[in-house]
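Colleague: I have the model open on my screen. Can we go through it together?

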Amino acid sequence: LGFYFAVESSVHEFLMACGLEHLGELSFDQVYRCIFRFVCSDGLTEEEVGEIARAFRKFDADGSGRLDVAELGPVVRWLGYQPNQYRIYCFAEEAKLQEDSSLALEEFVKLVSSFMKHSLVAVRKTFKGSEVRLQDIGHLLELVGYEPTEAEILELKRKAGGEDERPLDFHDFKRLERLHRKAIRVSMEKNAGCTNAEMEKYRGYFDANVEGSFTEHAEPHMSNRAVRMLLAGMFPDSALDRQRHQRIAQLVRDADSDGNGVFDFDEYLWLMRKVSDIMDRENLVRGLQLKKVLGYTREEAKQFRDLFTVADE
């Protein structure tokens, strides 16, 4: 029926919701009732809808009951997905969102369900075209848009039995993908909004740019200059945008919580997360605005997205 993102555990939840889990066989009417409920809920279990609702409320800062389109990237990432900025833009275009769009909770739930299906297209093709084994789990997660660390890959392999040559079907992968996404959400709550992969990257740069000596009473730190050089390399366009440059400069001042002119790791990490989120929001809105300014039709924008998708695979 085309519901290739469904897994056994979620199907069981829908059977329970319909009071059918105890039956060994189902009549046509019972199957129809279960599928109807599945379709009406966009394939999301009550647990998944609850997760989405909590994320929605977290980013609904003004309590208006609506989210601006700019929040799409940060909310999707908070749910455990790791799409890059261009994937978020492509999905926003696919969903026919405008730069001034806003979403109520019900609309957002449908949008996330659509994103879940959209993110599995490339990996689904892999299972149709070749034999897949457990050793491929890292590559499969990357196709979905994740950046798994070596430790995370090893943990998933352990949970799946640990044998690299073990055959892996799509439903096996979907189960592991859900476990990985839940682990990401836990790590983000623990790491001030950063995934383990981002923590490794940020920690590596911080350690490479620690300045001066330190003791148990003086933590390692980065200088103001080193932080600004990092931000200039990450966001080179900011030098040409006065307002963006001023916002980043203010965040640098805010991050220096004790006002000593240098940044310990917690201050540096807070700054990286804040700046990345702001850039994600602004780049999505600017991308949607740019299509209108340049006069591209939706079909022309789709051709560019299709070209990117081919190159991205």
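Colleague: Phenylalanine 206 first: buried or exposed?

Modeller: Phenylalanine 206 has 0% relative accessibility, so it counts as buried. Buried means under 20% relative accessible area, exposed over 50%, and partly exposed in between, with a 1.4 Å probe and protein chains only. Keep in mind that this is a predicted model: local features need pLDDT of at least 70, side-chain atom pairs count only at pLDDT 80 or more, and totals for chains, interfaces and linings use all residues. Residues are numbered from 1 along each chain as its sequence is written, and side-chain values use heavy atoms, with hydrogens and water left out.

Colleague: How many aromatic pairs does the structure hold?

Modeller: There are 11 aromatic pairs. Rings of Phe, Tyr and Trp (its six-membered ring) pair if their centres lie within 6.5 Å; planes under 30 degrees apart count as stacked, over 60 as edge-to-face and the rest as tilted. Take tyrosine 81 and tyrosine 146: their ring centres are 6.4 Å apart and their planes stand at 20°, so that pair is stacked. This pair links distant parts of the chain, 65 residues apart. Tyrosine 81 is in the loop between H4 and H5, and tyrosine 146 is in the loop between helix H8 (137–144) and helix H9 (150–159). Helices are DSSP runs (H or I, at least four residues), numbered from the N terminus.

Colleague: Tyrosine 146, buried or exposed?

Modeller: Tyrosine 146 has a relative accessible area of 3%, so it is buried. For phenylalanine 206 and tyrosine 268, the ring centres are 5.3 Å apart and the planes are at 40°, so this pair is tilted. It also links distant parts of the chain: phenylalanine 206 sits in helix H11 and tyrosine 268 in helix H14, 62 residues apart.

Colleague: Which residues form one aromatic cluster?

Modeller: Tyr81, Phe91, Phe115 and Tyr146 do.

Colleague: Switching to charges. How many salt bridges are there?

Modeller: The structure has 18. A salt bridge is a side-chain nitrogen of Lys or Arg within 4 Å of a carboxyl oxygen of Asp or Glu. One joins arginine 133 and glutamate 131, at 2.9 Å from N to O. Arginine 133 counts as partly exposed at 22% relative accessibility, and glutamate 131 as exposed at 59%.

Colleague: Which side chain meets glutamate 282 in a salt bridge?

Modeller: Arginine 247, at 2.1 Å from N to O. Glutamate 282 lies in helix H14 and arginine 247 in helix H13 (residues 242–255), so the pair ties together parts 35 residues apart in sequence. Glutamate 282 counts as buried at 15% relative accessibility, while arginine 247 is partly exposed at 34%. Elsewhere, salt bridges that share partners join Glu51, Arg181 and Arg185 into one network.

Colleague: What does the charged end of lysine 58 sit over?

Modeller: The ring of tryptophan 78, 4.5 Å from its centre. Lysine 58 also lies over the face of phenylalanine 59, at 6.0 Å from the ring centre. The rule is NZ of Lys or CZ of Arg within 6 Å of the ring centre and within 35 degrees of the ring normal.

Colleague: New topic. How many cavities of 30 Å³ or more are there?

Modeller: Two. On a 1 Å grid over the protein atoms alone, a cavity is a set of points where a 1.4 Å probe fits but cannot get out, and a pocket is an open set with protein on both sides within 12 Å along at least five of seven lines; lining residues have an atom within 4 Å of a point. The second largest cavity has about 60 Å³ of space. Its lining includes Glu51, Tyr81 and Arg181. Helix H3 (46–59) gives the most to that lining, with three residues.

Colleague: What volume does the largest pocket have?

Modeller: About 930 Å³. It is lined by 40 residues, with Glu198, Arg273, Ser276, Asp277 and Asp280 nearest its centre. H14 gives the most to this lining, with 13 residues.

Methods. Grid points are joined across faces, edges and corners, and a volume is the space filled by probe spheres set on the points. Helices (H or I, at least four residues) and strands (E, at least two) are DSSP runs, numbered from the N terminus.
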